[in-house]
Amino acid sequence: MTKIQTVLGEIEDSQLGFTLSHEHVIVSNGEDSAHYPWLYDRKATMAYAIKRMQAIKAGGVDTIIDLTTPDLGRDIEFMVEASQGSGLQVVPATGIWRDPPRSIMERDVDATADIFVREIEQGIGHTSVRAGAIKVANDIEGFSEAHVRILRAAARAAARTGTPISTHHNAALQMGTTQVRIFKEEGAPMDRVCIGHSGDSTDVDYLESLLKEGVYVSIDRYPGRAPRPTWEQRNQTLKTLLDRGWGEKLMVGHDGWAAVWLKPGQTEPTSNYFTYNPDGMLHLSKIAIPGMLEIGITREQVDMLTREVPRRFLAGK
Ligand SMILES: [Zn+2]
């Protein structure tokens, strides 16, 4: 048995159950909800999040790995209350996404790693909620010196604590190759690294080149949003990788949001995320997994993707 960190405290790895690889309880660009709280209705937003998360739980999802960082508006108290109210287990993350604040940009690698380790070993913010994963991100802004330092800090924090790393990467630009190279330079445990948003590429040889380095690959962002690959294309990518023998290294998710901040007077979000993916974090259960079974992916392989692989990724064995 290995202990896994959730926003409601430690659980046994055997309690993870059906686990989605890359999701968000609530997400925002920046930290407006912390600094300008009058712009939002926290109570209505909480009610909406709990309602959505209850439905996700009722739909058969036991756990989500929540990869929300400070620069995505991480709100640990909100996550705790939403998990309590819904029964959905949430593994929270430390780390930084694409928009490092100036304070992080000016820190050296070890000072940033110290922050990640503190959130892993002691708690996030004023809480004793400990991070269960380290999130980092690289996209069209490229590998600036600050972004590279953050990757190195994540690798060092992973090596120091045994906590896994899960990335956002621009798969069309094949930025996972550089993420892997930097993690390797830092001596990160490569079998504790997951390269996320990999389903945005249909180049199976590229994805296999990452897998050969020992990392996990997350085929997330179901159902896919044009011009990115459709859910059927994501399923086909999975099928090809499964046929090539990578079933023990693949996870799935939606990069979904249970909620976004509601403005005073709103009861439903207006974000187009909720229009293009009305099924939210149940798209896999309702549509994509039945589709996988139709193209010859077996029930055992689905259980591996949704239960055993995320368990191994989080537990380390
Ligand atoms: Zn995400």
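**Salt bridges and rings**

Mentor: Let's start with R74, which forms a salt bridge with E119, the closest N and O atoms being 2.7 Å apart. Keep in mind that this is a predicted model.

Trainee: OK, and which parts of the chain does that pair tie together?
Mentor: R74 is in the loop between β4 (63-66) and α3 (76-86), while E119 belongs to helix α5 (residues 109-121), so the bridge ties together parts 45 residues apart in sequence.

Trainee: Is R74 buried or exposed? And E119?
Mentor: R74 is buried, with a relative accessible area of 18%. E119 counts as buried too, at 10% relative accessibility.

Trainee: How many salt bridges are there in the whole structure?
Mentor: A search finds 27. Another of them joins the side chains of R181 and E185, at 2.8 Å from N to O. Both residues lie in helix α7 (residues 176-185), 4 residues apart, about one turn of the helix.

Trainee: How accessible is R181, and how accessible is E185?
Mentor: R181 counts as partly exposed at 44%, and E185 as partly exposed at 45%.

Trainee: Which residues are linked with R181 and E185 in a network of salt bridges?
Mentor: D110, R152, R156 and E186 are linked with them in that network.

Trainee: Switching to aromatics. How many pairs does the structure hold?
Mentor: It holds 9 aromatic pairs. In one, the ring centres of Y36 and W38 are 5.8 Å apart with the planes at 55°, so that pair is tilted. Y36 is partly exposed, with a relative accessible area of 38%, and W38 counts as exposed at 62%.

Trainee: What about Y216 and F313?
Mentor: Their ring centres are 5.5 Å apart and the planes are at 80°, which is over the 60 degree cut-off, so the pair is edge-to-face. This pair links distant parts of the chain: Y216 sits in strand β10 (residues 216-219) and F313 in helix α12 (residues 299-315), 97 residues apart. Both Y216 and F313 are buried.

Trainee: And what sits over the ring of Y216?
Mentor: The charged end of K249, 4.3 Å from the ring's centre.

Trainee: Which residues make up the aromatic cluster?
Mentor: Y48, W257, Y273, F274 and Y276 form one cluster. Y276 is also in contact with G224.

Trainee: Where is G224, then?
Mentor: G224 is in the loop between β10 and α9 (231-243), and counts as buried at 18% relative accessibility. Leaving aside neighbours within four places in sequence, G224 also contacts P229 and R234.

Terms used
Residues numbered from 1 in each chain as written. Predicted model: local features only at pLDDT ≥ 70, side-chain atom pairs only at ≥ 80, totals over all residues. Heavy atoms only, no water. Phe/Tyr/Trp six-rings, centres within 6.5 Å; stacked < 30°, edge-to-face > 60°. Buried < 20%, exposed > 50% of the residue type's maximum accessible area, 1.4 Å probe, protein only. Helix = DSSP H or I, 4+ residues; strand = E, 2+ residues; numbered from the N terminus. Lys NZ or Arg CZ within 6 Å of the ring centre and 35° of its normal. Contact = heavy atoms within 4.5 Å. Salt bridge = Lys/Arg side-chain N within 4 Å of Asp/Glu carboxyl O.
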